[in-house]
Amino acid sequence: MTVLLDASVVIIFVITCITGYIMGFFKYAALMLKSVAALIVAFCAAYMLATHAYNAVARDKAVSRIESKIEKFDVVNVMETDLRKKGLPLKVSNDDLREVILKDGDVVVNMRSMLGSKGIDSAVVDKVIKDFEDYLDNELFGKILKLTSDSQQGRDSFMNIGLENERTALVKFVKMLVPKDKHAAAVKIEEEYVSPFGTMIAGAIIFIVTAVVVSAVLAVVVKIMGFLSRIKIVSAANSFGGLALGVVKGLAYVVLAAYVVSLIVESSKNQLGKINTDIIDNTYLFKYFFRWFYR
């Protein structure tokens with residue numbers, strides 16, 4: 001992927017620069033205006049229609065898929081089973097653990113308070129808290145991916161998009177799962193974790209399709225008007241001016257691509273396997289454009 005991203009940057013610049021040099025400044029400037037107009041229209045269309053398109057085509061399917069996944073397990077039962085193996089005292093019931101999760105405030109503080117109210121020895125409390133924090137920080141994310149996955153490895157989980165491997169985010173997600181109304185939980189999860197990414201993808205598709213269509217229509221209009229055919233200037237200055245415009249156009253395309261990729265990474269909470277900051281930071285060229293938008 002790193003090679004592909006860097007190669008794309010080089011190819012874009014090579015194509016735009018060669019085209020600019022061959023066509024010359026004035027013809028290339030006219031075509032650039034056409035491209036700018038197409039991109040503006042495409043951006044407006046994507047901005048206005050992305051949310052509506054996602055909701056109409058994919059939202060209900062996403063909610064149904066999430067609901068089918070989360071109705072198969074009770075997250076509190078799962079956590080209780082895992083924590084029992086680590087030494088969670090029998091005095092702590094399933095309802096106690098459920099209350100710890102749902103109660104406002106820091107979940108670790110809630111756990112310590114609940115253990116203290118049970119009269120459990122302080123040394124035992126300290127060990128349980130240590131194991132609880134370790135579970136939250138190192139095991140819970142993988143458990144969630146496995147429970148919501150289509151495969152044993154947990155790689156096909158819809159939660160790979162959106163959910164961060166960070167304690168506060170994980171606890172927030174678990175709170176959504178606790179209520180018995182799984183459909184309501186699925187709606188909340190879709191809104192929080194899936195919708196931003198889905199809307200961004202819908203917007204990207206609308207943008208690309210609109211840009212291609214508008215560009216093609218404008219190309220036909222320009223050709224019918226015969227505007228480009230009337231530009232006959234041939235000189236070294238015109239050619240090198242076209243080359244300079246090619247650099248500008250190539251830069252604009254690469255910046256646009258970097259912006260789109262940054263939106264993908266941001267909306268997926270940097271959880272995608274193929275496009276993430278670790279992969280992009282290993283590129284030689286693309287990372288500099290990407291970091292203009294993603295920090």
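Helices here are DSSP runs of at least four residues, numbered from the N terminus. With that meaning, Lys69 is found in helix 2, and the views below belong to a predicted model.

Figure 1. The C-alpha atoms fill a box of roughly 90 × 40 × 35 Å along the principal axes. The radius of gyration of the chain is 27 Å, whereas a compact globule of 295 residues would have a value near 19 Å.

**Figure 2. The largest pocket and the helices that line it.** The volume of the largest pocket is about 360 Å³, and its lining is made up of 13 residues, with Ala46, Gly203, Ala204, Tyr259 and Leu263 lying nearest the centre. Which helices each supply at least two residues of this lining? They are helix 2 (25-70), helix 9 (182-225) and helix 10 (236-267), and the largest share, five residues, comes from helix 9. Sorted by class, the lining has 12 nonpolar residues and one polar residue, while no charged residues are found in it.

**Figure 3. An aromatic pair between Tyr21 and Phe240.** The count of aromatic pairs in the model comes to six. For the pair of Tyr21 and Phe240, the ring centres are 5.5 Å apart and the planes stand at 75 degrees, so the pair is edge-to-face, a class that requires an angle over 60 degrees. Because its relative accessible area is 38%, Tyr21 is described as partly exposed.

**Figure 4. Helix 4 and the helices around its buried residues.** Which residues of helix 4 (residues 94-102) are buried? They are Asn94, Asp96, Leu97, Arg98, Val100 and Ile101, and these buried residues pack against helix 3 (75-85), helix 5 (107-117) and helix 8 (167-177).

**Figure 5. Lys91 in the loop between helix 3 and helix 4.** Lys91 has its place in the loop between these two helices. When residues up to four places away in sequence are not counted, Lys91 touches Asp96, Lys118, Gly119 and Ile120; one of these, Asp96, is among the buried residues of helix 4. Lys91 and Glu164 lie 73 residues apart in sequence and 32 Å apart in space, C-alpha to C-alpha.

Figure 6. Lys69 and Asp150 are 81 residues apart in sequence, and their C-alpha atoms are 9.0 Å apart in space.

**Figure 7. Tyr294 in the segment after helix 12.** Tyr294 is found in the segment that follows helix 12 (286-290). Its relative accessibility is 18%, and because the limit for a buried residue is 20%, Tyr294 counts as buried. Leaving aside neighbours within four places in sequence, Tyr294 is in contact with Ser262, Val265, Glu266, Asn270 and Thr277. Between Tyr294 and Val254, the separation is 40 residues in sequence and 15 Å in space, C-alpha to C-alpha.

Terms used:
Residues are numbered from 1 along each chain as its sequence is written. This is a predicted model: local features need pLDDT of at least 70, side-chain atom pairs count only at pLDDT 80 or more; totals for chains, interfaces and linings use all residues. Side-chain values use heavy atoms; hydrogens and water are left out. On a 1 Å grid over the protein atoms alone, a cavity is a set of points where a 1.4 Å probe fits but cannot get out, and a pocket is an open set with protein on both sides within 12 Å along at least five of seven lines; lining residues have an atom within 4 Å of a point. Grid points are joined across faces, edges and corners, and a volume is the space filled by probe spheres set on the points. Ala, Val, Leu, Ile, Met, Phe, Trp, Tyr, Cys and Pro count as nonpolar, Asp, Glu, Lys and Arg as charged, and the others, Gly among them, as polar. Rings of Phe, Tyr and Trp (its six-membered ring) pair if their centres lie within 6.5 Å; planes under 30 degrees apart count as stacked, over 60 as edge-to-face and the rest as tilted. Buried means under 20% relative accessible area, exposed over 50%, partly exposed in between (1.4 Å probe, protein chains only). Contact means heavy atoms within 4.5 Å. The radius of gyration is taken over C-alpha atoms; the globule rule is 2.2 Å times the number of residues to the power 0.38.
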